[in-house]
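Please read them beside the model.

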Amino acid sequence: MRSILIANAKGGVGKTTAAATLAAAFAASGARVALADADRQRSALRWLKLRPAGAAPVEALDWSRAKEIGAAPKGLDWLVIDAPGALKGERAETLAAEAHHVVTPVGGSVFDLRATAKFLSALEEIKRIRKGRATVHLLANRIRRGKAQAALERFFDDAGRAPAAWISDRAAYVDLAGQGLSVFDRRTKTAQALQAEWAPLLSALGAAPT
Ligand SMILES: Nc1ncnc2c1ncn2[C@@H]1O[C@H](COP(=O)(O)OP(=O)(O)OP(=O)(O)O)[C@@H](O)[C@H]1O
Ligand SMILES: [Mg+2]
């Protein structure tokens, strides 16, 4: 089993969206996947509740209360963990201890970028990450072409790291989430174009192409 922690110190940057999208992508490829919700808001669990019976199955794990971290069923191919908004300290260590990959969504505002830079340095303090046993991937999310993108590109240049993928700002993410679905549950041309934006991240995670 490979596990992926979706985390950023900043709220509202697209953690749950990324967690749901990745889980649905793995499920669409026929893999056995669980989505663990470690956030008290329980948004990932709500998304799973809305998921239609016919959609590719994603198992639910409730880690939303501090003590219930770590137990995952045997035989999973992928475990995706949706972290709480202000992840730090012991909780960050505990969750990172589960992970082979950390995916950090980054939004466009300057405040987001500052918080993320701090978060990335904090991540480097975690032994498992420092030792290279878990890999950190940045995900540029809610991208609108133009000024905002230019600011993000500067941020990534300064941080000396390129994002694994650039995800457009599209109403489809909000609409699909409201139905327990993701772009990987649809076969329309639009959905396929949006799936293609996730492909470089999926490949960095070592997922088979969907
Ligand atoms: N690429 C996108 N395009 C359009 N809307 C998006 C995109 N990504 C996320 N959103 C929307 O932005 C809002 C916040 O996203 P999401 O809930 O995934 O963030 P979060 O980091 O999990 O937030 P929280 O810190 O509250 O848990 C949601 O309404 C979501 O549907
Ligand atoms: Mg969330």
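1. Helices (H or I, at least four residues) and strands (E, at least two) are DSSP runs, numbered from the N terminus. Arg 142 belongs to strand E6. The model is predicted, so local features need pLDDT of at least 70 and side-chain atom pairs count only at pLDDT 80 or more, whereas totals for chains, interfaces and linings use all residues. Residues are numbered from 1 along each chain as its sequence is written, and chains are lettered from A and ligands numbered from 1 in the order in which they are written.

2. Arg 142 has a positive phi, near 60°, although it is not glycine. Arg 142 counts as buried because 21 C-beta neighbours lie inside 10 Å (buried: 20 or more other C-beta atoms within 10 Å; exposed: 12 or fewer; partly exposed: in between; C-beta atoms are placed from the backbone).

3. Arg 42 sits in the loop between strand E2 (33-37) and helix H2 (43-50). Its phi is also positive, near 55°. Arg 42 is partly exposed, because it has 18 C-beta neighbours inside 10 Å.

4. Around ligand 1 there are 19 residues, the closest being Gly 11, Lys 15, Thr 16, Thr 17 and Gly 85 (near: C-beta atom, placed from the backbone, within 6 Å). Helix H1 (15-28), strand E6 (135-143) and helix H7 (171-177) each give two or more residues to this shell.

5. Ala 23 touches Val 33, Leu 35, Val 58 and Val 80, leaving aside residues up to four places away in sequence (contact: C-beta atoms, placed from the backbone, within 7 Å).

Key: Two residues are in contact if their C-beta atoms, placed from the backbone, lie within 7 Å.
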